[in-house]
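Here is a short report on one strand and the sheet around it. Take a look at the structure below, then read on.

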Amino acid sequence: MINGNAKMDDDIVTQERNYFLQVLKTFDNYKKQSLLRIEYKEKCLSALPSQHQTWLEKYKNDLDNIKSCIDKNADYIPIVVQHAKNIFENLYTSDNSGSHQKSSVGTLSEGLDKVQSVFKQLMRDWSSLGAKEREECYSPVINEIELQFPEDKVDRRDIEILVPGAGLGRLAFEIAKRKFNCQGNEFNMFMLIVSFHVLNHCKKIDEFEVFPWIHQYCNNLSVETQMLSVRFPDIITSLDKSSQFSMTAGDFLEVYTEPDVFDCVATCFFIDCASNIVEFLETIYTILKPNGVWINLGPLLYHYSYMKNEKSIEPSFEVLCEVIKKVGFVMEKCQTGLKTRYCQNPQAMLQYEYDSVFFVCRKPMLNGNHFMGDLQNEIADAFNGDKKWD
Ligand SMILES: C[S@@+](CC[C@H](N)C(=O)[O-])C[C@H]1O[C@@H](n2cnc3c(N)ncnc32)[C@H](O)[C@@H]1O
């Protein structure tokens, strides 16, 4: 039995190590893969009648310019990868099975998209261009946290806040900067690797430059739309020695199982990342202390909705509100129609804007007593009358 478990642990470490090496390899392959896509476009161009090619001379030059931006994006990759080898040192250096040579590891099929998403998230979280998105999405959450835990009434260092689905960590960082004890959680290794670099190794404002939308070939007014660049970080990312800030790696549902730990869970553009959103709600409820508060902002763009072989459910917000109450929460605030964007190129011809929901829910004092939650919800509804939502 003991041997069996030890074998299983070894297998898990080997799998994790292999996955980690695949992520590094995918990062390394970014330039090659991206240039291959452009080569294909050049091939399509060169197959056109020669008259068309002449008329499209500028497009040909544009593709050359795009290549030089990809080169610049690729320059950033060895810097992050180098630091990644330090964070996950155990994974990088151990080789329990001896069967996975670094050179034999492949890339991840969805990997190029993941690298591109990280460049866009760098814009949202750590550039001055992302300030507007952060104002729309993060400020309502931060303002609510400040309202719930006023500095003159509580010692903020005692307030434990969790930000699941932290992306590149800006929201969690901003909360920690306000003296709360804050932990971000993220399961995307690409995000974790880059956030580790930004949070621990960026030393100067605007130290690096990336081209977040260089892979977006549609809806550009000119090639400059595609070549819009951002510099990051827009602020010094080191925190006071007294600050309590950490990031955890892993699936939110697996990492957080201990009940009654957090005073606040803050979710932004996260709850729709579940195939079964009810599991997210239950976990948030469990890990909150009695009287703890859950603050959420975002749309319901259910991530697993159109994925093959995924058992995804997509309840509307109306249904979700009922489930939130059934889980045991009391919904104290709810607003709809918050204009919010996610990693948008402000110059592109296509602009997505979400009418997000923002709500604040409390876990009632009597832990696990859903009846109390129901009662308090009824009282809250009665007081709100017809106008349930602001
Ligand atoms: C849409 S992004 C939002 C990121 C950030 N909160 C923001 O507003 O920019 C959702 C993030 O949640 C992460 N995520 C999704 N499911 C997760 C899970 N089960 N555990 C941890 N992180 C998860 C994704 O990798 C992604 O970085």
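## Terms and model

Two strands count as paired if DSSP finds at least two bridges between them. Strands (E, at least two residues) and helices (H or I, at least four) are DSSP runs, numbered from the N terminus.

This is a predicted model, in which local features need pLDDT of at least 70, side-chain atom pairs count only at pLDDT 80 or more, and totals for chains, interfaces and linings use all residues. Residues are numbered from 1 along each chain as its sequence is written.

Let's start with β9, residues 354–362. Of its 9 residues, 7 are buried, so the rest of the structure largely encloses this strand. Buried here means that 20 or more other C-beta atoms, placed from the backbone, lie within 10 Å of the residue's own.

Strand β8 (residues 330–340) runs antiparallel to β9 and is joined to it by 8 bridges; Leu-338 has Ser-356 in β9 as its bridge partner. Strand β7 (residues 288–298) is also antiparallel to β9, with 6 bridges between them. Here Trp-294 is partnered with Cys-361 of β9, and Gly-298 stands opposite Val-357.

## The whole sheet

These strands belong to an open sheet of 7 strands with mixed pairing, in the order β5-β2-β1-β6-β7-β9-β8. Its edge strands, β5 (244–249) and β8, each pair on one side only. On average, neighbouring strands are turned by 15 degrees against each other, direction ignored, with axes being lines fitted to C-alpha atoms.

How values were computed. Buried ≥ 20, exposed ≤ 12 C-beta atoms within 10 Å, placed from the backbone. Axes fitted to C-alpha atoms, helices over the stretch in contact; angles between N-to-C directions.
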